Amino acid sequence: MKRGVQEQSTGEEKSPHTAQAEKKSKVSPTTNNGERATAATTTMEIDENLHSRQLAVYGREVMKRITTSSVLVSGANGLGTEIAKNVILAGVRAVTIHDKKAVKLPDLSAQFYLNEEDVGKNRAEACKDKLQELNTAVNVCASIADLDASFLKQFQVAVLTDASLEEAKRVDALCHAHGIKFIWAQSRGVFASVFNDFGPNFTVFDVDGEDPHTAIVASISNSSPAVVTCVEDERLQFQDGELVMFTEVEGMTELNTHKPIKVKNCKAHSFELDLDTSSFKQYQRGGLVTQFKEPKDLKFKTLEAAVPDPGEFLLLDFAKCDRPPLIHVGMLALNAFEAEKHHAPRPANAEDATRLLQLAKGINDTMPESVRAGELTESVLRTLAHCASGELNPMAAMFGGIVGQEVVKAVSGKFHPLFQWLHFDSLESLPDLEKMPAEEFAPVGSRYDAQIAVFGRTMQRKLEGVNLFLVGAGALGCEFLKNFALMGIATGPNEKGVLTVTDDDTIEKSNLSRQFLFRDWNIGGSKSKVAAEATQRINPGIHVNPLQNRVSPETENVFNDKFWQEQDLIVNALDNVNARLYVDSRCVYFCKPLMESGTLGAKCNTQVVVPKLTENYGASRDPPEKQAPMCTVHSFPHNIDHCLTWARSEFEGLLEKGPSEANAYLEDPEKYINAVKVAADAAARQQLEQVVEVLVNDRSRTFEDCVSWARMRFQDYYYNRVAQLTFTFPEDATTSTGAPFWSAPKRFPHPITFNPSDPAHAAFVQAASILRAEIYGIPRPDYATNAAKVAEMAAKVPVPTFVPKKGVQIETDPKAQNKEPVRMGMVDDDSAIASLIESLSIARPTLPSNFRLTPIQFEKDDDTNYHMDMIAGLANMRARNYSVQEVDKLKAKLIAGRIIPAIATATACATGLVCLEIYKVLLGKPVEAFRNTFANLALPLFAMAEPMPPKTIKYKDMSWTLWDRWVLEGDLTVQQVIDWFAERKMNVYSVSCGSALLYNNIFPKHKERLNKRMSELVSTVAKVEIPEWRSHFDVVVACEEEDGDEDLDVPLVSIKFR
């Protein structure tokens, strides 16, 4: 994933495979654990506004399981607090943070809810209240109790982050025996390890969280094996060995009731069934085939059994295939060292490193040969010894995300858990330790001592002096700010180093479930300002400069040349591709390193962009999202997405565009009419039709008028239009080739007659009436909140009998771009416009003075505004027309509101990964040290790869990449620029600035410009005003090789004219 991935399943309804899995495992779906089911019987109400993005990932049923769970996090260090934060944001019922240790100053290096005043206090108590602020619906408490069976039984999951191997074995044995899920995680410098034990019988209800693959059937053979061909709408996603089920098949109806069938020989548009259909009835038409997602049973070993027999390790970095077994042995040796010495190995201490190495060799010799580390790389183990005493924030953030997701899996059965070991290192983030004296790593009595123990004092000074520009203060931005504060970025003395953060957005309620620096009392405040204040509470020494500007061409007076030149590092925390591309272009222009990241549900990706070393973010593009053809959306929908796309379009047309167009007319009628007359085309006619409809034909004066309008909308949308469509194309209609017109993917529709007793009908007319009244400023009567009462009124509205018309043209070509999918033959735009203008001229004097409408802009996150009620009503009635599965308001909100699935765990993981790369950038590491990462925490899967180098162009004895910009000094003439290139054996034939052509050798008149100064032409021809603060301007030079054979793609040219 670079910029986006397909939406995650929302799991609104409990699917058949989930129900079967629950029955099969004989456990409560709430806890996935029969013995602990009674501990979580209280169902919490899910705040769908707060958790909308998370609901898009998990679905309502899974969220219900999550909200009934209690979690123990033992170890209030950096990793433990990160896990607790993510689990609390997920919305579990209760979290207990457990720790018997007191706060020490080095704890502040990775623990974001501790400050210097907390030194000496119990770690759990010191951070409990701040953790509670994250989500007041979660019961957060602190504990110093013994981890015995009686204490552990109150939890569904126990996580240990600061426990020895022997303690972890003891607690795991208790958990395993009592049906409690157990996770042991360690973060040691740039090394980390995670172990899962979810018990002997754990059922995963949804392995990957993706929507089941589905396709529309075109044909099925009577054969063995049966061959299924699907509509060539898009490439099939079925894989050999998967199970599928059929619905809506006509003719071969045996398939509709058949148990799940295995597929094989899957191709782009066909597959075979492991089934003999030769005795089945012959296939006629129709049918949907859908992937059947099987539950999966897992049997976990205890930690005691898994230490000597770890099984297969989860591999994160494919360049280090042999590393996990080595780290496994190293972590066991580290625990043995601490058991023996009662302290961690000391940084840069050769004696401690040697002892750890000896212990590792002994442990490795006792391991079974099948899992023994092939070679104990001494340098890796010595580095483990060196960093073992220091906990780093980036590692805590990354693994806080990973382990937090494992906790959610444990309580919900959603996504495949880690099975059972994960070991990771980021040795490439470290400086050259062998060249550094031991004093570099000695503590200095600061909050950064744990980081200094790993990286040294020199690196800490580099971090303190960094000028960093963070673009965005949303979910990613909040995590980054926390990380930067703990790392000590921009904390130098005398204001050395500045962290600039900008975001033009304000805080909404839905942000609070992921953007953890914000609280409910911050709603409506500036994201960047509130986030900056919260960051300074984490580390008062950080220099943060919050701005509220969007980074774009329009703000280059704010983010000017001087600003960009002063930055050492740019970090993107954006949520859209265009903004990312613009920041990327600025980084390329000024040769600044860029850290890029993004999330989508449980997936995240990171990309490091380093000047001269790697390609830029914009070097590769994802293909554009496939859009449904207009005729499909308007007349031939075959899934709920089509219905919701249509509903969103109708909502905006009826409630925003129409009233806005009317207001534009009312603002200056003469000017508006003159513009329509000048245009005199179909688009102008359609706009004028909207104005006439709103102000003349359908103007509402009372709430009763609004109800009548809603009833007529229902009639038009769901009866008249469908009746006209089926009149124009009857069920037995054929195409010009003789094929059935209503063949897949088209679905034959049926008109709907309004029924006031139908709750869906009532909800539609209620929402439509209320919003219509809002547009006209009509007071809402008390009875408007009663849908049944409004529906009763709507049923009394006289409705003309519909008579279908002949000659109606309905667009059926998927490639057509006609904005009128249904029309009556040819339309004379001129005469139609004249008639409409006359109607307006008659009606205008009857309007009150200063009459204006209130256009309604769609707002998805306010459940009281009836917007989503209207959208869901529009879409579901249309779905009912076409026998498409209807959806509830939440699902409609996710699709029509284009809500991007998001969870805190993926965000935390992404930012931790990025910060590991920041160390490398500041150390000037070579390209092979960097890693771009794609991660899917649902599977879990990690794919780390070295960044691609930039494309290099070579010519003669020169070479360049996109990172190069040729700067020419002086207020040069066009001829001087041409001569500069000629000296390098290049023939210039064109020079342009923006969209203006300053010179081209094919135009004889341009010869007169050869002796003119470029700065003059930029001003007079390109009409570009160069700000006083800018000393140069840029031009694009087109040239060819000396012999004229081929064009050369040369860098951007900057003329430094002053």
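Trainee: Is threonine 907 buried or exposed?

Mentor: Threonine 907 is buried, with a relative accessible area of 2%; buried means under 20%, exposed over 50% and partly exposed in between, using a 1.4 Å probe and protein chains only. A word on the source: this is a predicted model, where local features need pLDDT of at least 70, side-chain atom pairs count only at pLDDT 80 or more, and totals for chains, interfaces and linings use all residues. Residues are numbered from 1 along each chain as its sequence is written, and side-chain values use heavy atoms, leaving out hydrogens and water.

Trainee: Which residues does threonine 907 touch?

Mentor: Contact means heavy atoms within 4.5 Å. Leaving aside residues up to four places away in sequence, threonine 907 touches Ala475, Leu476, Glu479 and Thr599. Threonine 907 itself lies in helix H29 (residues 904–923); helices (H or I, at least four residues) and strands (E, at least two) are DSSP runs numbered from the N terminus.

Trainee: How do I read the sheet, and in what order do the eight strands come?

Mentor: Strands of a sheet pair through backbone hydrogen bonds, either parallel or antiparallel. Two strands count as paired if DSSP finds at least two bridges between them. Here the open sheet runs E18-E17-E16-E19-E20-E21-E24-E25, with mixed pairing. Strands E18 (544–547) and E25 (941–945) are the edges, each pairing on one side only.

Trainee: How many bridges join E17 to E18?

Mentor: Four, and the two strands run parallel. Leucine 499 has valine 544 in E18 as its bridge partner.
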